[in-house]
Amino acid sequence: KGNHWGYGKENGPDLWHTHYPVAQGSRQSPIDIPRQVSHDPSLGPIVLDYDHCTSISISNNGHSVVVNFDDTDERSVIHGGPLENPYRLKQFHFHWGGKGCDGSEHTVAGNSYASELHLVHWNAVKYTSFDHAAAAPEGLAVVGIFLETGDDHRWLHTITDAMYMVKYKGSITDFKGFNPKCLLPSSLHYWTYLGSLTTPPLHESVTWILLKDPIAVSEKQLGKFRLLQFTGEEEDQRLRMENNFRPPQPLKGRRIRSSN
Ligand SMILES: NS(=O)(=O)c1c(F)c(F)c(S(=O)(=O)CCO)c(N[C@H](c2ccccc2)[C@@H](O)c2ccccc2)c1F
Ligand SMILES: [Zn+2]
C-alpha cells in the first residue's frame with residue numbers, strides 16, 4: 001500500500017524502485033564480496049573511538065531494532081581507513097533471517113551469514129545535519145559486522161534482553177551506557193567500497209567498511225530477534241520481524257579494496 005516499503009511480497013526489495021528509482025543506480029548496496037579483492041597497502045587501520053559513547057534508546061521502527069546514540073558532539077567517532085574525516089556514530093541496527101536461515105545483506109564469495117550488524121556514522125565535519133550528510137556522496141560511513149551462529153555472545157544479551165520491551169513497531173525505551181565496542185570481532189581487517197543505504201531512501205552516500213571476521217552469537221540469541229514484530233501493537237496482523245535484508249546488488253564496475 002502506498003510507498004510504505006518493507007520486506008514482504010507486496011512491498012519488498014524488488015518493488016522499491018517504483019518509489020525509489022535510485023534502487024537501480026550505479027552504487028547500490030549490499031553486494032557480494034568476491035574471493036579475490038585487491039589489497040591496498042595505502043589503506044590504514046580503521047579507528048573506532050567509542051570510549052565516551054552514549055547510547056540513548058533502543059527502538060523498533062518497523063524495519064529493524066535500532067540503538068540510537070547522542071551525536072551532538074564528537075563523543076563516539078570512527079576515523080582512519082578510507083575516511084578523510086571523522087564520522088559520528090548515530091545508530092546501529094541489525095538484519096537477520098528466519099529460523100535456521102541466513103539473513104546477512106552482504107555476502108562473501110556467495111555465502112551469507114546468519115545476521116549483519118550495521119553501525120551508521122555521519123560526516124559532521126562536512127555536513128551540518130545527519131539528513132544532509134545522509135543524501136551526500138561522502139556523507140555516511142557504515143561499519144558492517146557479520147554474525148555467525150555459535151557460542152553465546154556475552155554482551156549481546158544486553159540487547160536481546162531489552163527486545164521484549166520493543167516488541168512492536170513504534171516502541172522505544174531507554175537504553176543508556178551501551179558501548180558497541182563489545183560487539184567488535186578480534187580483528188579490524190576490512191573490505192571497503194562506495195555504496196548506498198540498503199533501505200529506502202537508498203541514498204548513494206555510504207562508504208562501506210565491512211569487517212572480515214564475524215562474531216559468534218547463539219541460535220537462542222538470534223531467536224530473540226525473531227520475537228520482534230514488523231507490526232504495531234494495535235494492528236490485527238502480527239508479522240514476525242525476520243528476513244529484513246536486501247539481497248546483493250550489481251557491482252557495476254566498482255572497486256572493492258581490502259585492508260592488510
Ligand atoms: N542498512 S542501512 O545502514 O542502510 C539502514 C538500514 F538498513 C535501516 F533499516 C535503517 S532504519 O533506520 O532501521 C529503517 C530505515 O530507515 C537505516 N536507518 C537510516 C538512518 C536513520 C537515522 C539515523 C541513521 C540512519 C535511514 O532510516 C535513513 C537514512 C538517511 C535518511 C533518512 C533515513 C539504515 F541506515
Ligand atoms: Zn543496515
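Which of the 17 residues around ligand 1 come nearest? They are N61, H95, L197, T198 and T199, a residue being near a molecule if one of its heavy atoms lies within 4 Å of it. The model is predicted, so that local features need pLDDT of at least 70 and side-chain atom pairs count only at pLDDT 80 or more, while totals for chains, interfaces and linings use all residues. Residues are numbered from 1 along each chain as its sequence is written, chains are lettered from A and ligands numbered from 1 in the order in which they are written, and side-chain values use heavy atoms, with hydrogens and water left out.

Polar contacts to ligand 1 were examined next. A polar contact is a pair of N or O atoms within 3.5 Å; within protein, one atom must be able to donate a hydrogen and the other to accept it, and residues adjacent in sequence count only if both atoms are side-chain atoms. A polar side-chain atom of T198 is 2.7 Å from a nitrogen atom of ligand 1. For H118 the corresponding distance to a nitrogen atom of the ligand is 3.2 Å, and for H93 it is 3.4 Å. Of the 630 Å² of accessible area that ligand 1 has on its own, the protein covers 85% (Shrake-Rupley method, 1.4 Å probe; for residues, only the protein chains shown count as cover).

Because H93 belongs to strand β7 (residues 87–96) and H118 to strand β9 (residues 115–122), the pair ties together parts that are 25 residues apart in sequence. Helices (H or I, at least four residues) and strands (E, at least two) are DSSP runs, numbered from the N terminus. Both H93 and H118 are buried; buried means under 20% relative accessible area, exposed over 50%, and partly exposed in between (1.4 Å probe, protein chains only).

N244 is buried, at 0% relative accessible area. Its side chain reaches the backbone oxygen of H63 at 2.9 Å and the backbone nitrogen of W96 at 2.8 Å. G97 lies in the loop between β7 and β8 (107–108) and is also buried, at 0% relative accessibility. The C-alpha atoms of G97 and N243 are 4.0 Å apart in space, although the two residues are 146 apart in sequence.

The structure holds 0 disulfides, a disulfide being a pair of cysteine sulfur atoms within 2.5 Å. C53 is in none, and the nearest cysteine sulfur, that of C182, is 8.9 Å away. C53 is buried at 11% relative accessibility, whereas C101 is partly exposed at 43%.

A133 is part of helix α1 (residues 130–134) and is buried, with a relative accessible area of 0%.
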